[in-house]
Amino acid sequence: MENLSKESSRFLENLRLYLISSGKNETETEAIVEELHDHLSKAEKQGKNVKDIIGQSPKAYMEQLSGEMEIDFKAMARYIPLIVFGGMAYYVLGDMIDGKRSYSMIELIGYPALSVAFLFMVAAGFRALASRSWGKVGEYSVCGALGIIPIAMFIGLIFLDRSVASPSIALNDTAVLTATIVPILFFIGAAIWMKTWLFIAIPAILFLPRLVVPWLSIGGETSLIVESVLIFGGMAVLLFLMNKKDNNKSAHHG
């Protein structure tokens, strides 16, 4: 946020995050943020701050503003299936690479249900992060919970599937081919639609080592170590490139 103090910039960023994660229209949200940006810019020149403009705590203001805005059901109808299907695409493609050829009813019902639950949990977590001051420890704790809880949920589902007998569906060769191609096409389509190569880069980093390592003349723990090094190394390179791109943008605008 140009021409604003750190406090005001953070408030506007948190407001945007809160409204978007509350299902509000993105265009309307950006218009509100831009209007507040102008008000805060003028107010700071007069020695005022965020509370002088909004007249209440940031949390109360965000909740009030969110309550006055309608939920963008059209956007949710687009993005929720995209996110849920995206999560399932990672899961299914990984299974196909690992040679899995059947799914139980518990898996077929449980994984989509957990994906939806995780989506709403992330939205709630983002709203909590945006609406109050947590400090670094608090922010890391919330983000850590958002990472650990879904893993625990999926592990719990795996144990449930192993403990409770349920009907299963075996995949024939056509189904396996479809379950492999459709996720790949999804990642390519999402990258084109969202105009970001991350939808291709992240799956490539996660899955290519699992395809390459078995062809190497290594086995046992060594293969697991090599696979992990390739994945974490790939992620490190990706983060480096993203950070470099952001720095170049900042330098250009500066």
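Figure 1. Leu177, Ile181, Ile184, Leu185, Ile188, Ile192 and Ile200 make a nonpolar surface patch of about 650 Å². Patch residues have over 30% relative accessible area and no salt bridge, and nonpolar side chains (Val, Leu, Ile, Met, Phe, Trp, Tyr) are joined within 5 Å. A salt bridge puts a side-chain nitrogen of Lys or Arg within 4 Å of a carboxyl oxygen of Asp or Glu. Areas come from the Shrake-Rupley method with a 1.4 Å probe; for residues, only the protein chains shown count as cover. Helices (H or I, at least four residues) and strands (E, at least two) are DSSP runs, numbered from the N terminus. Ile181 lies in helix 8. Ile181 is partly exposed, because its relative accessible area is 39%, between the limits for buried (under 20%) and exposed (over 50%).

Residues are numbered from 1 along each chain as its sequence is written. In this predicted model, local features need pLDDT of at least 70 and side-chain atom pairs pLDDT 80 or more, while totals for chains, interfaces and linings use all residues; side-chain values use heavy atoms, without hydrogens and water.

**Figure 2. Ser21 in helix 1**. Helix 1 covers residues 6-21. Ser21 counts as buried because its relative accessibility is 13%. A polar atom of the Ser21 side chain lies 2.7 Å from the backbone oxygen of Leu17. Beyond its neighbours within four places in sequence, Ser21 is in contact (heavy atoms within 4.5 Å) with Ala123, Phe126 and Arg127.

**Figure 3. Ser115 in helix 6**. Relative accessibility is 13% here too, so Ser115 counts as buried. Leaving out residues up to four places away in sequence, Ser115 touches Val84, Met88 and Phe154.

**Figure 4. Helix 7 and its cover**. Helix 7 (residues 135-163) has 29 residues. From first C-alpha to last, helix 7 reaches 42 Å, close to the 42 Å expected at 1.5 Å a residue; the expected span is 1.5 Å times one less than the number of residues. Its buried residues are Gly138, Glu139, Val142, Leu146, Pro150, Leu157 and Asp161. Their cover includes helix 1, strand 1 (102-104) and helix 6 (105-131).

**Figure 5. The protein chain as context**. The chain has 10 helices and 2 strands. Its C-alpha atoms fill a box of roughly 70 × 40 × 35 Å along the principal axes. Of its 254 residues, 31% count as buried.

Technical notes:
Buried means under 20% relative accessible area, exposed over 50%, partly exposed in between (1.4 Å probe, protein chains only). A polar contact is a pair of N or O atoms within 3.5 Å; within protein, one must be able to donate a hydrogen and the other to accept it, and residues adjacent in sequence count only if both atoms are side-chain atoms. Patches are made of residues with over 30% relative accessible area and no salt bridge: like charges are joined within 9 Å, nonpolar side chains (Val, Leu, Ile, Met, Phe, Trp, Tyr) within 5 Å.
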